[in-house]
Amino acid sequence: MNTIIYCFKQGIKNIFRNKLFSLASISTMAACIFLFGLFYSIVGNVQYMVKEAETNICVTVFFEAGTSEARIMEIGEGIEKRIEVSHVDYMSADEAWDYYKDIYFEGNEEYTKAFAGANPLQNAASYAIYLNDASMQNALVAYLGTIPEIRKINKSDITAKSFEDFGLLVGYISGAIILILLAVAVFLISNTVSVGITVRKEEISIMKLIGATDFFVKAPFLVEGIIIGVIGAVIPLGVLYVMYEKAVGYVLDKFYILSSIITFLPVKEIFHALLPIGLVLGIGIGYLGSSMTTKKHLKV
């Protein structure tokens, strides 16, 4: 216990002993985590909006003449159980005719009398099948093609491909920016710990000569790196929490028309994942930066 307390005290002293470098590391860490959090919030909302848009992509199927209502219902149940499917909307032949009349004979309802007792769309029963993910469209269409009662499949290859490509682009950009931010943060924390080692070089040499273990020498620097990481993560996460709420509120207030088009993720849903990720990143980067430096300079 005394050893642990000593290591924590020395780690904190190291931070105050190298105030300028510690402040630079905390500031850079905070900037990195802030940018990461900002980018995470933007990407999260973009992906959420894309996901919402993807749910509006549908594949429409029409049936062969003479297919019974019971068989159509059976096919619909099978389609609805598919993993690619979000939900299915069925439109019977009579509903299709009513829908057609409302749109194309609006204001000229008397023309529909010519079709009294007959339904010119008697073979127009259909399912509108909405997807969970645009990338799943081809798999669903392949399955639908194996059902002999289906005579026609309407799909949107361009729309589905656009959503799929956009999702991949967002993922690649996210990964590249995150890697750059992590590399910068590790480099700066490594420099800070390196300065601390240089300042205490003589003291460390004496400790090693009198039998101090490798862990005993390294621990204060690891504590220093982790504390810098935690402080550098907590500050920007708090700022982001307040900013996100105010920014979303401002956008929806000033551009209220967008509220019917765009849906933002609630702040709690964003920070449910961002908070632990940010803290883990801060602690992990702090530990990694200090660990790499102690191994290099202390040769333990």
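1. In what order do the elements of the protein chain run from the N terminus on? The order is α-α-β-α-β-α-β-α-β-α-α-α-α. That comes to nine helices and four strands. Helices (H or I, at least four residues) and strands (E, at least two) are DSSP runs, numbered from the N terminus.

2. On the basis of the note: this is a predicted model, in which local features need pLDDT of at least 70 and side-chain atom pairs count only at pLDDT 80 or more, while totals for chains, interfaces and linings use all residues. Residues are numbered from 1 along each chain as its sequence is written, and side-chain values use heavy atoms, with hydrogens and water left out.

3. The chain as a whole. Of its 300 residues, 37% count as buried. Buried means under 20% relative accessible area, exposed over 50%, and partly exposed in between (1.4 Å probe, protein chains only). Take the contacts between residues at least 6 apart in sequence: 84% of them join residues at least 24 apart. A contact means heavy atoms within 4.5 Å.

4. The sheet. It is open, has four strands in the order β2-β3-β1-β4, and is antiparallel in its pairing. Two strands pair if DSSP finds at least two bridges between them. β2 (85-91) and β4 (150-154) are the edge strands; each has a single partner, so one side of each lacks a neighbour in the sheet. On average, neighbouring strands are turned by 20° against each other, direction ignored.

5. Strand pairing around β3. β1 (residues 58-63) pairs with β3 (residues 126-131) over five bridges, in the antiparallel sense. Within this pairing, Cys58 has Tyr130 of β3 as its bridge partner, and Val61 has Tyr127. β2 and β3 also run antiparallel, joined by six bridges. Here Val85 stands opposite Leu131 of β3.

6. Helices on the sheet. Helix α3 (residues 69-80) packs on it and touches β1, β2 and β3; its direction makes about 165° with that of β2. Helix α5 (residues 137-144) packs on it too, touching β1, β2, β3 and β4, and its direction makes about 10° with that of β1. Axes are lines fitted to C-alpha atoms, for helices over the stretch in contact, and angles run from 0 to 180 degrees between N-to-C directions.

7. Burial of β3. Six of its six residues are buried, so β3 is largely enclosed by the rest of the structure. In a regular strand the side chains alternate between the two faces of the sheet. Both faces of β3 are covered: Ser126, Ala128 and Tyr130 are buried on one side, Tyr127, Ile129 and Leu131 on the other.

8. The largest pocket. A pocket is an open set of points on a 1 Å grid over the protein atoms alone, where a 1.4 Å probe fits, with protein on both sides within 12 Å along at least five of seven lines; lining residues have an atom within 4 Å of a point. The largest pocket holds about 250 Å³ of space. Of its 13 lining residues, Ser41, Ile42, Tyr244, Ala247 and Val248 lie nearest the centre. α2 (19-54) and α8 (214-254) are the elements that give two or more residues to the lining.

9. Val239. This residue is found in helix α8. Val239 is partly exposed, at a relative accessible area of 38%. Its C-alpha atom is separated by 8.2 Å from that of Phe34, 205 residues apart along the chain.

How values were computed
Points joined across faces, edges and corners; volume = space filled by probe spheres on them.
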